[in-house]
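Student: Please show me how to read a predicted model, feature by feature.

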Amino acid sequence: MAKIGEYPRVRLTHVHSEEEREYLVVATHKIRYSLHQIPVPRPATGVVVDTVACGSCDARLEVRVFSPAQRLRAKLRWLAVLLVGAVIAAVATSALVALDQADDLSGSPMLLWLLTNAVGLGAVVTGGVFLCTEDGVRLPSFWRDASHRLRRW
């Protein structure tokens, strides 16, 4: 858990350019960006909303910084998503193995368990990615502008 008063580890990213090239079988995506610190200390409790200036374009952005306890709760929620997805995927996989060994191979239960397995694996991947990247900092909107993002470096 982060210490009280610690600054966030994520950085404000200003995207200068994005370039995508598609080749015959491979696509590349190049992003030129610059990173800037978020000089907002973590509050002891609750959430602090503060305005941060981008170092590249001087744009003013509001950021929400969570307290260490709220950051931990967010990480635990993502861990719960990961664990529930793992349980769903395990049950669906065992049901698929049982259906594979059965004599009656009707398509409906097989398709249902395949979809359930896909949902469980999707929850495992989503929970794992957000569990690793959660730092308790949010930009003002989920629909961010194209030139500013948060990056963990």
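Tutor: Two strands pair if DSSP finds at least two bridges between them. Helices (H or I, at least four residues) and strands (E, at least two) are DSSP runs, numbered from the N terminus. This is a predicted model: local features need pLDDT of at least 70, side-chain atom pairs count only at pLDDT 80 or more, and totals for chains, interfaces and linings use all residues. Residues are numbered from 1 along each chain as its sequence is written, and side-chain values use heavy atoms, with hydrogens and water left out.

Student: What pLDDT does the chain average, and which elements have the lowest and highest means?

Tutor: pLDDT is the predictor's confidence in each residue, from 0 to 100. Here the chain averages 86, and 90% of the residues score at least 70. Among the elements, strand S6 has the lowest mean, 84. Helix H1, residues 68-101, has the highest, 92.

Student: Which strands form an open sheet, and in what order?

Tutor: Strands of a sheet pair through backbone hydrogen bonds, either parallel or antiparallel. In this model, three strands make an open sheet ordered S2-S1-S6, with antiparallel pairing. S2 (27-36) and S6 (148-151) are the edge strands; each has a single partner, so one side of each lacks a neighbour in the sheet. Neighbouring strands are turned by 45 degrees against each other on average, direction ignored. Those angles use axes, lines fitted to C-alpha atoms (for helices over the stretch in contact), and run from 0 to 180 degrees between N-to-C directions.

Student: Which strands does S4 pair with?

Tutor: S4 (residues 60-66) is joined by seven bridges to S3 (residues 47-53) and runs antiparallel to S3. Val52 faces Leu61 across that pair. Six residues lie between the strands in their hairpin, where Asp58 takes a positive phi near 60 degrees. Two bridges also join S4 to S5 (residues 137-138), again antiparallel. In that pair, Arg64 stands opposite Arg138.

Student: Which residues make up the largest nonpolar core?

Tutor: A nonpolar core is a set of buried Ala, Val, Leu, Ile, Met, Phe, Trp, Tyr and Cys residues joined through side-chain atoms within 4.5 Å. Buried means under 20% relative accessible area, exposed over 50%, partly exposed in between (1.4 Å probe, protein chains only). The largest one here has 11 residues, among them Val10, Ile38, Val52, Leu61, Val65 and Val137. S4 gives the most to this core, with three residues. Contact means heavy atoms within 4.5 Å. Not counting residues up to four places away in sequence, Val137 touches Pro8, Val10, Ile38, Arg64, Val65 and Leu150.

Student: Is Ser34 buried or exposed?

Tutor: Ser34, in strand S2, counts as buried because its relative accessibility is 16%. Leaving aside neighbours within four places in sequence, Ser34 is in contact with Leu12, Thr13, His14, His16 and Ser56.
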